[in-house]
Amino acid sequence: MVTKIKIDPITRIEGHMAIEAVVDDGVVKDAKSAGTLFRGFEIILQGRDPRDANRLTQRICGVCPTAHATASALCLDDAFGLAGKVPDNGKLIRCLILGSNFLQSHILHFYHLAALDYVDAVSAVGDLAPFVPRYEGDYRVSGKANAELVNHYLKALDIRRKCQEMLSIFGGKMPHSIGIVPGGVTEKPTEDKITNFLWRLNEIRDFVDNVYIPDVVAVAKAYSDYFEIGKGCQRLLAYGGFDLPAGKLFKAGIMSSDLKPEPFAKENITEDVKHSWYADSGSGKNPAKGETKPDTKKKQAYSFIKSPRYKDKVCELGPLARMVSNYVQNDAKAKELVDSLLGQVGAGVDALFSVLGRHAARALESKLVADAMADWLTQLKPDKPAIVDSDISEESQGAGLTEAPRGAVGHWMTVKNKKVDRYQVITPTAWNASPKDDKGQPGAVEQAIIGTKVKDKENPFELVRIVRAFDPCLACSVHLLDFRGNRLGIFKVV
Amino acid sequence: MATKKYPVVWLQGAGCTGCSVSVLNAVSPRIQNLLLDELVPGHQLNLLFHATIMAGQGEPVIEVLKDTEKDRKGGYILVVEGAIPTAEGGIYGSIGEKDGKHLTIVESVQELGRNALLTIAVGTCATFGGIPAAKPNPTGCKGVKEVFAENGIDTVVVNLPGCPLHPEWFTGTVSVILFSGVEALDLDDVARPKLFYGKLIHENCPRRADFDKGKFAQKLGDAGCLYELGCKGHYTYADCPLRQWNNGVSWCVKAGSPCIGCVEPTFPDGTSPMYEKVTFEELTWSQK
């Protein structure tokens, strides 16, 4: 029998999202992911002082603002001719700010967004909102082990807060930090700040090593079938990120299931719009040249999100893509971490393409970043500058590509008469949660859902576990369509 | 004595979740205390709905909204984060599916607002429209108070702007309400509690002495008053310099950034360009 499961809203993600799955004989045959809110940031950015984009684009997302701060600063560096001039202190502090945000975002994601799909909070805290209502049934950890995970849920609230406090040492405040600006950063790396940062970082590293990673392993052991569920498109993409004096922490690359890396070039990114509310004439263009006109009467369209593709192929972005990219490009730390975890759970590299693979990659990446941050702190030079001065160019173009907690993010800008003429952002969730493209290929989340067996249609744990493993950020993806100031007509969202 | 519980519904409109994340950063009380404990003796919040942290999803959580509105008339607190998209009947923003149709944010805020004990608008988007309502305001975004006024809803609205708001502006306001009642809040002309928004940033700024001496930073990263770099602390009312952010670690001006006036009703259009210095008129018109 064919039935439709609609989950609207999908909660415990950033933003407004709905999922629809067509289930035939207990197996998902088709899936749609849709965003249900639109703000139109690019329209708002037009005509403004380009430097303000660095402040405003952070407000796209309160969970990962520093990723947009970094991408916009790199974009402005590029446009203002500063790309080679940012001092080492500036590069390192930008990375320390972004790294702190990675840690808060990943810990928040596992414990406060995802864990309630696996951990039975009600048995520990009682029948209390907001822990009820919930899906009932498939909670497999019980007794003391479950109680400990619930305690870690509470402890993780403190740790993620401390990540924000650490970030603020150089970033001023969070959310929406102010430290990362074109040319470098606003704060100087004084010795007292370095020590203050280091000891906060030590406490967070202790939590990642001794609580977060062991908890992910414990959940993986109890739910080991989720190494088989949510395989997805099996094509991973990382732009590379964390621009350090000695190069990038994360290596760019495109990897299929054969794990042979292809080099990445941003010119190969295009965006399809056949199933999005835009005129088809704008389909298939690179974001640096993309021109999009809304067309709200398209019958086949069902999403506010466009379909970014790499050489016409669907890609998955995120911690899994980054860890695999570094793994296959022989980064010793990534190899050691991934091999050790796979050994502990008795799984092969293939198992990474799964719900649990995504959670594991996120936890291991937290360790990779946190350990690296300790090294970056020692490279800071208190007597040296952290910023170079900049001027707005009269006319210019820029691109800023980096990695956000949820995957690669890119900003593209054109400046005319010292004002923003055009600003465009492609976020990781736009890739992951995209609708079908011009060739009819479903997006990464849709592909991960299609083919899944749903045991209980009233409590479709499988679907929400798959969706949440991607850590979707709808504020990022849906609010960022690149309209060019055209007024939208009347339309409906499916 | 039995604990008096205050059901809370936290709706998210056109926003970024930054205000929720900021409230997660609360220190004393911590978010755990807000969720699980008596916030003040004998009084406790009971968070029925918050899309970012609640366990449930889909239809059952929309039922929570329906039940709250119907069964707890006049007895719950509505918190709104994010602006309200009103263009084209509100189709730019929906928070779920209700009875087979999109439940728009504008519809939900009105339904829940009409029957709430009071409404707290958190962040500049929910209070004044904020960035989503910035020119050309493509989705017709408005703040809660404006939407209520246009629809004849007379529920009290307390405005706690900020991009995001400081967690203590939220926990402190709730404390006043639980201890002494909403009428004890002394609000300014745009419904902000003077307890938090009563002081000019410029008057309490640690760089004020530099301003008085005429020592001005000429580029980002310099010491001195940030007036030449566009600081909007000259007309922005908030206690950031005294309270500081993230457990007292820092705040914008301390970390070398000009204030961007994020708590003001005109943010961001009226406070832009952010790096252009304020005019003489702006410097003087808001000396209350």
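Predicted model: local features only at pLDDT ≥ 70, side-chain atom pairs only at ≥ 80, totals over all residues.
Biologist: Start with helix packing. How is a pair of packed helices described?

Modeller: Two packed helices are described by the angle between their axes and by the distance between those axes. Take H4 of chain A and helix H6 (residues 143-171) of chain A. Their axes come within 9 Å and cross at roughly 165°.

Biologist: Are H4(A) and H6(A) roughly parallel or roughly antiparallel?

Modeller: Angles over 145 degrees count as roughly antiparallel. The crossing angle therefore makes H4(A) roughly antiparallel to H6(A). The crossing is left-handed.

Biologist: Which residues make the contact?

Modeller: One general point first. An α-helix has 3.6 residues a turn, so residues three or four places apart point the same way. Now the case here. H4(A) contributes residues including A:Ile93, A:Leu96, A:Ile97, A:Ser100, A:Leu103, A:Gln104, A:Ile107 and A:Tyr111. From H6(A) come, among them, A:His152, A:Ala156, A:Ile159, A:Cys163, A:Met166 and A:Phe170. By class, the residues of this contact are 14 nonpolar, seven polar and one charged.

Biologist: Now helix H13 of chain A. How many of its residues are buried?

Modeller: Count neighbours: a residue is buried if 20 or more other C-beta atoms lie within 10 Å of its own. In H13(A), residues 461-469, that holds for eight of the nine, and the helix is mostly covered. The buried stretch includes A:Glu462, A:Arg465 and A:Arg468, along with A:Leu463, A:Val464, A:Ile466 and A:Val467.

Biologist: On to sheets. How do I read strand order?

Modeller: Strands of a sheet pair through backbone hydrogen bonds, either parallel or antiparallel. Chain B has an open sheet of six strands, ordered S2-S3-S1-S4-S8-S10, with mixed pairing. Strand S2 (38-40) and strand S10 (157-160) are the edges, each pairing on one side only. From one strand to the next, the twist averages 30°.

Biologist: How do S4(B) and S8(B) run, parallel or antiparallel?

Modeller: Parallel. Five bridges join S4(B), residues 77-81, to S8(B), residues 118-122. One example to locate: B:Ile77 has B:Leu118 of S8(B) as its bridge partner.

Biologist: Which strands does H7(B) lie across?

Modeller: H7(B), residues 167-180, lies across S2, S3, S8 and S10 of chain B, at about 80° to S2(B). H3(B) lies across S1 (4-12) and S3 of chain B, running at about 130° to S3(B).

Biologist: Beyond H7(B) there is an arginine. Is B:Arg192 buried or exposed?

Modeller: B:Arg192 is buried, because 27 other C-beta atoms lie within 10 Å. B:Arg192 sits in the loop between H7 and helix H8 (194-197) of chain B. Leaving out residues up to four places away in sequence, B:Arg192 touches B:Asn159, B:Pro161, B:Leu187 and B:Tyr197.

Biologist: Last, the interface. How many residues does each chain give?

Modeller: Chain B gives 65 residues and chain A gives 66. On the chain B side, H1 (18-24), H2 (31-36), S3 (43-50), H3 (59-71) and S6 (94-98) each supply at least two residues. H1(B) gives the most, with five. By class, that side of chain B has 37 nonpolar, 23 polar and five charged residues.

Technical notes
Residues numbered from 1 in each chain as written. Chains lettered and ligands numbered in written order. Buried ≥ 20, exposed ≤ 12 C-beta atoms within 10 Å, placed from the backbone. Helix = DSSP H or I, 4+ residues; strand = E, 2+ residues; numbered from the N terminus. Contact = placed C-beta atoms within 7 Å. Nonpolar A, V, L, I, M, F, W, Y, C, P; charged D, E, K, R; others polar. Pairing = 2+ DSSP bridges. Axes fitted to C-alpha atoms, helices over the stretch in contact; angles between N-to-C directions. Parallel < 35°, antiparallel > 145°, perpendicular 65-115°, else oblique. Left-handed = near helix turned anticlockwise from the far one by under 90°.
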